[in-house]
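The entries follow in the order of the search.

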Amino acid sequence: MSLVTIDRNEVDIVIGAFRSDLTSFLEEWRPIFSRFHLIIVQDPDLKEELKIPEGFDFDVYSKSDIDKLVSSSNASMFSGYACRYFGYLVSKRKYIISIDDDCSPAKDNNGAIVDIVTQHITNLKTPATPLFFNTLYDPYRKGSDFVRGYPFSLRSGVPCVLSCGLWLNLADYDAPTQALKPELRNSRYVDAVLTVPKNSLMPMSGINIAFERETMGPAILPALKLAKEGKVRWETMEDIWCGLVVKVVCDHLQLGVKTGIPYVWRNERGSAIDSLKKEWQGVKLMEELIPFFQSLKLSQEAVTVEACMAEMAVAVKKGMGRSHPELANAADSMIGWVKIWKEVKSRDLV
Amino acid sequence: MIDFFINPPKLYSKHIFSYIYHSNSPSSTHTKPIQSSLSSNTTMASSVTPTPLLKDELDIVIPTIRNLDFLEMWRPFFQPYHLIIVQDGDPSKVIKVPEGFDYELYNRNDINRILGPKASCISFKDSACRCFGYMVSKKKYIFTIDDDCFVAKDPSGNDINALEQHIKNLLSPSTPFFFNTLYDPYREGADFVRGYPFSLREGVQTAVSHGLWLNIPDYDAPTQLVKPRERNTRFVDAVLTIPKGTLFPMCGMNLAFDRELIGPAMYFGLMGDGQPIGRYDDMWAGWCMKVICDHLGFGVKTGLPYIWHSKASNPFVNLRKEYKGIYWQEELIPFFQGATLPKECTTVQSCYKELSKQVKAKLGKVDDYFNKLADAMLTWIEAWDELNPSTQLPNGK
């Protein structure tokens, strides 16, 4: 497999900023990020001006930019962890890579720094194989291939539109797990990337992701807001919801999702026990969400991401939206997002 | 959520679960005192429970046509276990088994004698004959390995005890209903990620553990011809559950399974002498097995352990054997992907018999071979039930 070339004009790196001083964060990522354009979206609740070191090509968006571009009713969509989605909206590039601001570069098993940009883009530029499981994982990786018994007609794969990376050190565990096992750290670097099979749902973690914005943009949205949503990952489910939506859309449209490398090193932040004390809404919701999404069927007529989103929103509202107001809101957000997305794109073309 | 600490859901902690799992397991063998592990090459956290040896509950099935020299390298790991050797090819040849191993050996004459006319379902001149070993075993677990597979080394340079890892895989639950991005959550140092529903954290029983291969990878003939020098050097330190509804190519080189749970589904088909196809035995078994596991709610894991596969078979010979399979596969996959089993099928045998009916009905028109194969599937079940009368009761639950 030939090496994939990364064209800097194809990539935007989107960071949601929860603290004003981004110096140490960006210095750590400088060797990997300095070549690329950064979109930094400031959490609307963060009042201080951002400190960004020299030598980066970046644009900062703050609350005033959000208010200018979208109506005030929609502006609330971008609070907290969801602020980064504004970055997806205003980007004009093909691929987005997005990580949390508490992550540092990781090292692989050979001690080399993991270049998340190259790996994510490689994942996105090579096909995914959701229709049949390859036991040697991603067959497009160097040194790998399809195994005996893999049908030849399925070897061209489908386009990969989402690449979910992983985390060393503080893995993306939920609050109860981390609270019960405070010493648990992920030290296992699994040198694989694989396609999540069709019809199999998974929890998408927003900590370290990349996606093909032109296709999937309308589906990657901040829809689910918990009542007591907070500023640590233990207190949000927005990315999990987004991942379920995206996977249903991908399965329907024959697009692929990969998971595995690249890894980031996730640092300590927040207290699992404090998060536990908050209302456990998200965890309880998942119990119902999974069967709901697993049984969701989209019609033959839904042949675009937007059409899929519209059908899903209706299904959510009619189904679980009746008993769960936050889901009814999520459905509205989905429709609202597709509208905003269309508007912003048409403005770009003018 | 303070009441979480006072009343933690019993489904929650995998450590609590593994205690519950072992003591509530339908099989009484799980409640035996845990014997110390033969070797523990892991450098994991201090609270590792030793893996039970299961030496009286596991048979190692080895098909061979040449010799069993490879067993010398495996001696430290295999010697405690009973071996079932299925000798393929010329029954008058004497296969020498290295000293010190406890074994039973069956050649073609034995197979014919034991099964009578039903011996027609067991392949000749193909490693598919190994499934005879599954049938005559009396143990709960089977580990099967090819005679050109050796002990591999992990990245730290330690010998990999493949059998121990298979046992770990089989004794811990699988998670086919929702994908865990950190792979097997029951491994030391791992867990379920945020967003994983708690009601699914108990997992299901693991029926099959599918291991991988370093050095010569399990490629088909066309790939071998195009990439004769490619070697698998990537050690992927993961075990994962293959999700429900997803099929995969099961390789019989390094495979373990719970015979009591899924044994009757592990028929390796009609291959080799007198048959139009070869090198699809394990594939066939894997597709049938996965459909049945998905139906009955059992799990299938893939990943570790690795063995070192030393011999690349002749790609031209392979091409001749696989040729029909490459075409037929295109029909077989949609067949298995669309196969559904009725609710009334609650045992592996009834599932398998139903599947053979569907094979006849839907694949008979692809080639007459599938009519014969469907009949052989029924013969296999009859033979299995004759040799294993107690397993006619519903499995599992």
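Entry 1, salt bridges. I searched the whole structure and found 39 salt bridges over all chains, a salt bridge being a side-chain nitrogen of Lys or Arg within 4 Å of a carboxyl oxygen of Asp or Glu. The model is predicted: local features need pLDDT of at least 70, side-chain atom pairs count only at pLDDT 80 or more, and totals for chains, interfaces and linings use all residues. Residues are numbered from 1 along each chain as its sequence is written, chains are lettered from A and ligands numbered from 1 in the order in which they are written, and side-chain values use heavy atoms, with hydrogens and water left out.

Entry 2, A:R148 and B:D282. I noted a salt bridge between these side chains at 2.8 Å, N to O. A:R148 sits in the loop between α5 (116-125) and β6 of chain A and B:D282 in helix α9 (residues 281-296) of chain B, so the pair joins two chains. Helices (H or I, at least four residues) and strands (E, at least two) are DSSP runs, numbered from the N terminus. Both A:R148 and B:D282 are buried, that is, under 20% relative accessible area, with exposed over 50% and partly exposed in between (1.4 Å probe, protein chains only).

B:R194 is buried at a relative accessible area of 2%, and A:D172 is buried at 1%.

B:D237 and B:R187 are both buried.

I counted ten salt bridges between the two chains. The contact takes 67 residues from chain A and 68 residues from chain B, contact meaning heavy atoms within 4.5 Å. The chains bury about 5700 Å² between them, 60% of it on carbon and sulfur atoms; buried area is the accessible area (1.4 Å probe) that two parts lose on being put together, summed over both.

I recorded ipTM 0.94 and pTM 0.90 for the model. Chain B has a mean pLDDT of 87, and 86% of its residues reach 70 or more; pLDDT is the predictor's confidence in each residue, from 0 to 100.
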